[in-house]
Amino acid sequence: MSQCCISGFAWNGKPQGREEKLGKHNTYVAGSADSGIAILFLHDIFGWKFGNNRLLVDHFAKEVGATVYLPDFFDGEVVEEDTIATPEKQAKFDFAAWFGRNNKDIRGPEVFEAARILKQELGFEKVGAIGYCWGGWAAFQVAAKGRNLVDCISVAHPTFLLPEEIDAVDVPVQIIAPEKDMMFKPELKAYANKKIPELNIGYDYQYFPNLSHGFATRGDPNNKTQKGGLERAKNAAVTWFATWLKL
C-alpha cells in the first residue's frame, strides 16, 4: 500500500442507513431486509465509518433494490477521516504495522463468515460483493471456486490482489480500473484481461482514463473528470448487480 490509499476527498451528504450486527461485526446497513438480494461491501482502508463508503452503500441499496451490508473488518480501528486531506498524517501512517493487523490470513476468514451468514443464515436468494482498494482481494477470495458464498463480484482499484486469486474466481467479475494505479499495475490488469475470459464466467472490465487509484471512493466531486469517473463507476456497479443478482 502507499499514500494513494489514504488520500483523496471526503464527500458531502448524510448517510441514511442504520447500524446493526452481522455476526460479531458492527455493520452499517441500508435497504430492506426482505429484499431477497444482499450486497457485501468490502471497504477500503478508511473502514466502515467512512462517510463516502456509507453514501455508496445507500446508493447501491436504493438503485439495485438490495440490502447492503458494510461490516467493520478492522475490529474498531479507524483511520481518522481527516487523514484523507492531511499530508502530514499520511506521511506518518505506518502501512506495514497496519497491514500486519489486517492481513489476509486474519481478515479473510471474517469476510467469508460474513458472506456465509448472508447466504445461509439470513437466507438471501442472491448475494453479491463489492470490494474497494483493500477490499478488492477479499472480493476475489470470497468468490473463489468451491466457496459458494456469492453470485457475482465487482472490484474497484484492488490492492494486494494476486494472480492466483484471479485464477480461482468462479463467479461473474467486474473490474473498475483507473489508468494510473500503483496497486493494480498494467501487468496485472493484462493478466486479468487474459485469464478471466478463459474461466467461462461473466466478465466486465471498465477502464477509466486519466483517473487514479482510489477515485471510486475518494474522487473529487468538484473536479469534472473525477466526478464523472466516480459516478460512472457507481453506475457500472449498479448495472452489474442488477444484471447478475436479478431474482
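Let's start with burial: 55% of the 247 residues in the protein are buried, meaning under 20% relative accessible area, with exposed being over 50% and partly exposed in between (1.4 Å probe, protein chains only). Keep in mind that this is a predicted model, where local features need pLDDT of at least 70, side-chain atom pairs count only at pLDDT 80 or more, and totals for chains, interfaces and linings use all residues. Residues are numbered from 1 along each chain as its sequence is written, and side-chain values use heavy atoms, with hydrogens and water left out.

Now the overall build. The protein has nine helices and eight strands; these are DSSP runs numbered from the N terminus, helices being H or I with at least four residues and strands E with at least two. The C-alpha trace spans about 45 × 40 × 35 Å along its principal axes. A compact globule with 247 residues would have a radius of gyration near 18 Å, and the protein's 16 Å agrees with that. The radius is taken over C-alpha atoms, and the globule rule is 2.2 Å times the number of residues to the power 0.38. As for contacts (heavy atoms within 4.5 Å), take those with a separation of 6 or more: 75% of them join residues 24 or more positions apart.

Next, the sheet. It is open, has eight strands in the order S1-S2-S4-S3-S5-S6-S7-S8, and its pairing is mixed. Two strands pair if DSSP finds at least two bridges between them. At the edges sit S1 (18–22) and S8, each pairing on one side only. From one strand to the next, the twist averages 25°. Helix H4 (residues 104–121) packs on this sheet, touching S1, S2 (25–30), S3 (37–42), S4 (67–71) and S5 (126–132), and its direction makes about 165° with that of S3. Helix H5 (residues 134–142) lies across S3, S5, S6 and S7, running at about 150° to S5. For these angles, axes are lines fitted to C-alpha atoms, for helices over the stretch in contact, and the values run from 0 to 180 degrees between N-to-C directions.

S6 and S7 pair in the parallel sense over four bridges; isoleucine 153 stands opposite valine 173, and valine 155 has isoleucine 175 as its bridge partner. S7 and S8 (residues 203–212) are also parallel, over seven bridges, and here valine 173 is partnered by tyrosine 203. S7 itself (residues 173–180) is mostly covered, with six of its eight residues buried.

Now zoom in on histidine 157, in the loop between S6 (152–156) and H6 (163–168). It counts as buried because its relative accessibility is 0%. Which residues is histidine 157 in contact with, leaving aside its neighbours within four places in sequence? They are Tyr132, Cys133, Ile176, Pro178, Asp181, His213, Gly214, Phe215, Ala216 and Thr217. A polar atom of the histidine 157 side chain lies 3.2 Å from the backbone nitrogen of alanine 216.

Backbone torsions are worth a look as well. Most residues other than glycine have a negative phi. Histidine 157, though not a glycine, has a positive phi of about 30°. Asparagine 200 is another non-glycine with a positive phi, about 60°. Is asparagine 200 buried or exposed? With a relative accessible area of 74%, it is exposed, and its place is in the loop between H7 and S8.

One last stop is glycine 219, in the loop between H8 (215–218) and H9 (224–244). Glycine 219 is buried, with a relative accessible area of 0%. Its C-alpha atom is separated by 22 Å from that of leucine 40, a residue 179 residues away along the chain.

How values were computed
Polar contact = N/O pair within 3.5 Å; in protein donor to acceptor, adjacent residues only side chain to side chain.
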